[in-house]
Amino acid sequence: MTAIDLDALMGIALVEARAAVEHHDVPVGAVVAKLDTGEVVARRHNERELLADPTAHAEILALRDAAISQGSWRLEGHLLVVTLEPCPMCAGAALAGRVSEVAFGATDPKAGALGTLFNLAADPRLNHQFGVRGGVRARESATLLREFFAARRS
């Protein structure tokens, strides 16, 4: 893996997203990797249903694991890769964790907080900003979500 192989990292996030379906959670997966080496330091998927926890989004869980792995809540030099554009809570967690960049797959027209409804990554009123790359393997991410919700409605 090159230093930043977004396709490969998103592939890992997609594997995680598919695992969420096994316990009836919305298929969202997240990976935290070091920007300089591409080393994955954490990978998780949604566990809201599994844990009965409204904060158990893939991003929150991955950021918690990454902080433990790195021995610091400050995740400068790290990239968060997630299959769906983070909501305000998760974008806020990335901000609080001082990640350097977030890459996501599908946009979220109902809760997207990194460009769709809000852009918490670039708000100059906040104490930290970070780079954002959207649309990484977006079709795969969107298809996974669409199929999950179609199955729930049928």
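What follows is a short chat about the structure above.

Q: Which kind of model is this?
A: This is a predicted model, where local features need pLDDT of at least 70, side-chain atom pairs count only at pLDDT 80 or more, and totals for chains, interfaces and linings use all residues. Residues are numbered from 1 along each chain as its sequence is written, and side-chain values use heavy atoms, with hydrogens and water left out.

Q: How many helices and strands?
A: The protein has five helices and five strands. Helices (H or I, at least four residues) and strands (E, at least two) are DSSP runs, numbered from the N terminus.

Q: In which pattern do they come?
A: Along the sequence, the pattern is α-β-β-α-α-β-α-β-β-α. The radius of gyration is 14 Å, close to the 15 Å that the globule rule gives for 154 residues, so the protein is as compact as a globular protein of that length. That radius is taken over C-alpha atoms, and the rule is 2.2 Å times the number of residues to the power 0.38.

Q: What share of the residues count as buried?
A: Of the 154 residues, 49% do. Buried means under 20% relative accessible area, exposed over 50%, and partly exposed in between (1.4 Å probe, protein chains only).

Q: Now His23. Where does His23 lie?
A: His23 lies in the loop between helix H1 (6-21) and strand S1 (29-34).

Q: Buried or exposed?
A: His23 is buried, at a relative accessible area of 17%. Leaving aside neighbours within four places in sequence, His23 is in contact (heavy atoms within 4.5 Å) with His45, Asn46, Glu47, Glu49 and Leu50.

Q: And where is Ile4 found?
A: In the segment before H1. Ile4 counts as partly exposed, at 33% relative accessibility. Not counting residues up to four places away in sequence, Ile4 touches Leu35, Leu79 and Arg133.
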